[in-house]
Amino acid sequence: MPALDFVVIVTAASVVAGLLGSVAGLGGGFVIVPVLTLGFHVSIRLAIGASIIAVIATSSGAAASYVRDRMTNLRAGMFLEVATTLGALCGAYLTTIMPERILFILFGVVVAYSGMMMYLKRVVREPVYATNDCIAAYLDLGGSYFDDAEGRLVTYGVTGTGRGLSLMYVAGMLSALLGIGAGTLKVPAMDLAMHMPIKASTATSNFMIGVTAAASAGVYFTRGQIDPVIAGPVAVGVVAGSLIGARLLSRIEASKIRLLFVVIMAVVAVEMLMRGL
Amino acid sequence: MTGSGSRRGRDGDAATLMVDQGASATEPGSQEVKSPISRPEHAMETVISLVLRSGVLASLALLVCGVVLMFVQHPSYVSGPAHGGYRALIVPGLEFPRTVSGIVRSVARGRGSGIVEVGLFVLLMTPIARVLASFVGFMIYRDRRMAVVTGFVLVVLVVSLVTGALA
């Protein structure tokens, strides 16, 4: 296949990935690496490099609007980014020594877990207000946002900073190893372990994902694991797709999209596991 | 659950984290409550979103130009599989410049591959610029603790860029 066709097809696939990602609320990372490795026989390390670039592109675009919407907890996010960036750095160095098969298996497991998380219903809990978490008090990590749906100002405190840091470290490492945004790990970490309301967790996670990806992308860039012929079209396609998806978001039923995504992720998980095993 | 909420002083007086659930920012005589408007870092958010948006757009423009140029400069990419078609281009560690001097030289000669690299680099820089903007913001508002936290993240990011080739 000539290079031009390759670029065109990869761009088209990335548009689809970006579209699905923005509508379903996840990054397109889960789709890009499998498409590149399974469909085009790209080396998984190059696929990860391209995907991490796409993650930066989409998250920087999405984060901008969330931050403006004032839902993001900038302080908690920045604090947790300490852990995610360190984890990402370790993960980026680990990618070179990890055998490819392990990466495939790990990818399949994480996708399967994320798909399950999407499928299961969440229990909505009231946020906590007073906390005796020392770090949260020291850094004043609590926040507030105006909830349009409930029509009121929601204020909350933050707790479980130790647990949050550990989970974020793992999320950062997985983000680097697999070229994904790892939002499906970050949101539950903030929501369940740190008792942040789900909307603030989601917004803050989107805010954090780009920085985490940049930590590993820096390593990949200087190491030559980012091939511009792949990463360029992927980045352009994914951003275009996510912009289209954002326009469509209001018109499509979110639950149907989530179901579609769960099915896709199940297929992807199986394919990646089979490739690794 | 009620309690007093007080804004942490810039010079770092201790304050409790309890907030008054029912109070609003406009209620007269209420304790000072953390509302979206009173937090100084929210003023940074407009700057941050501008940085992100323009960074992504600039990098995408460079990427598109670079890829188009690459195809213009290498007609073999467009037509048939000379040396294996696209597979020749996805071999790890190929001809693309990766050091700063290499990229500069490549761009100076108008090579599409160099321009694509610049586009990727700009994209990579976008989140780093964001962290830098936050750091500056925290310094301006004299929030030393968050400035330290943000500074640490910045250091990790720079380390990743600088030492990637060494490991």
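A residue counts as buried when its relative accessible area is under 20%, as exposed when that area is over 50%, and as partly exposed in between. By that cut-off R130(B), with a relative accessible area of 2%, is buried, and E81(A), with a relative accessible area of 0%, is buried as well. Both residues belong to a predicted model, and the values below should be read with that in mind.

## Confidence of the prediction

For the complex, the predictor gives an ipTM of 0.82 and a pTM of 0.78. Chain A has an average pLDDT of 80, and 87% of its residues score at least 70, while chain B has a mean pLDDT of 68, with 56% of its residues reaching 70 or more. In chain B, the element with the highest mean pLDDT is α5(B), at 89, and the element with the lowest is helix α2 (residues 75-78), at 63. One stretch of chain B calls for particular care: over residues 1-38 the pLDDT stays under 50, although the model has 64 contacts beyond four places in sequence for this stretch.

## The two chains

Chain A contains 11 helices and 2 strands, and along its sequence these elements follow the pattern α-α-α-α-α-α-β-β-α-α-α-α-α. Chain B contains 5 helices and 0 strands, so that its elements, taken from the N terminus on, run α-α-α-α-α.

| Chain | Residues and buried share | Accessible surface and share of carbon and sulfur atoms |
|---|---|---|
| Chain A | 277 residues, 60% buried | about 9800 Å², 69% from carbon and sulfur atoms |
| Chain B | 167 residues, 43% buried | about 8300 Å², 68% from carbon and sulfur atoms |

The contacts within each chain can be described by sequence separation. In chain A, 82% of the contacts between residues at least 6 apart in sequence join residues at least 24 apart. In chain B, residues 24 or more positions apart account for 55% of the contacts with a separation of 6 or more.

An example from chain B is A133(B), which lies in helix α4 (residues 112-140) of that chain. A133(B) and V47(B) are 86 residues apart in sequence, yet their C-alpha atoms are 7.6 Å apart in space. When neighbours within four places in sequence are left aside, A133(B) is in contact with M44(B) and I48(B).

## Charged pairs between the chains

Side chains of opposite charge can pair when their charged atoms come close. Over all chains, the search of the whole structure finds 2 salt bridges. In one of them R75(A) pairs with D143(B), and the closest N and O atoms are 2.9 Å apart. This pair crosses between chains, from R75(A) in helix α4 of chain A to D143(B) in the loop between α4 and α5 (144-163) of chain B. Both R75(A) and D143(B) are buried.

A salt bridge also joins R130(B) to E81(A), with the closest N and O atoms 2.7 Å apart. This pair likewise crosses between chains, from R130(B) in helix α4 of chain B to E81(A) in helix α4 of chain A. R130(B) counts as buried because its relative accessible area is 2%, and E81(A) counts as buried because its relative accessible area is 0%.

## Cysteines and the nonpolar surface

A disulfide is a covalent bond between the sulfur atoms of two cysteines. Over all chains, the search of the whole structure finds 0 disulfides. As for individual cysteines, C90(A) is partly exposed, with a relative accessibility of 31%, and C65(B) is partly exposed too, with a relative accessibility of 45%.

Helix α5 (residues 100-119) of chain A supplies the largest share of the patch, namely 3 residues. M116(A) has its place in this helix α5, and it counts as partly exposed because its relative accessible area is 47%.

How values were computed
Residues are numbered from 1 along each chain as its sequence is written. Chains are lettered from A and ligands numbered from 1 in the order in which they are written. Side-chain values use heavy atoms; hydrogens and water are left out. Helices (H or I, at least four residues) and strands (E, at least two) are DSSP runs, numbered from the N terminus. Buried means under 20% relative accessible area, exposed over 50%, partly exposed in between (1.4 Å probe, protein chains only). Contact means heavy atoms within 4.5 Å. Accessible areas come from the Shrake-Rupley method with a 1.4 Å probe; for residues, only the protein chains shown count as cover. A disulfide is a pair of cysteine sulfur atoms within 2.5 Å. pLDDT is the predictor's confidence in each residue, from 0 to 100. A salt bridge is a side-chain nitrogen of Lys or Arg within 4 Å of a carboxyl oxygen of Asp or Glu.
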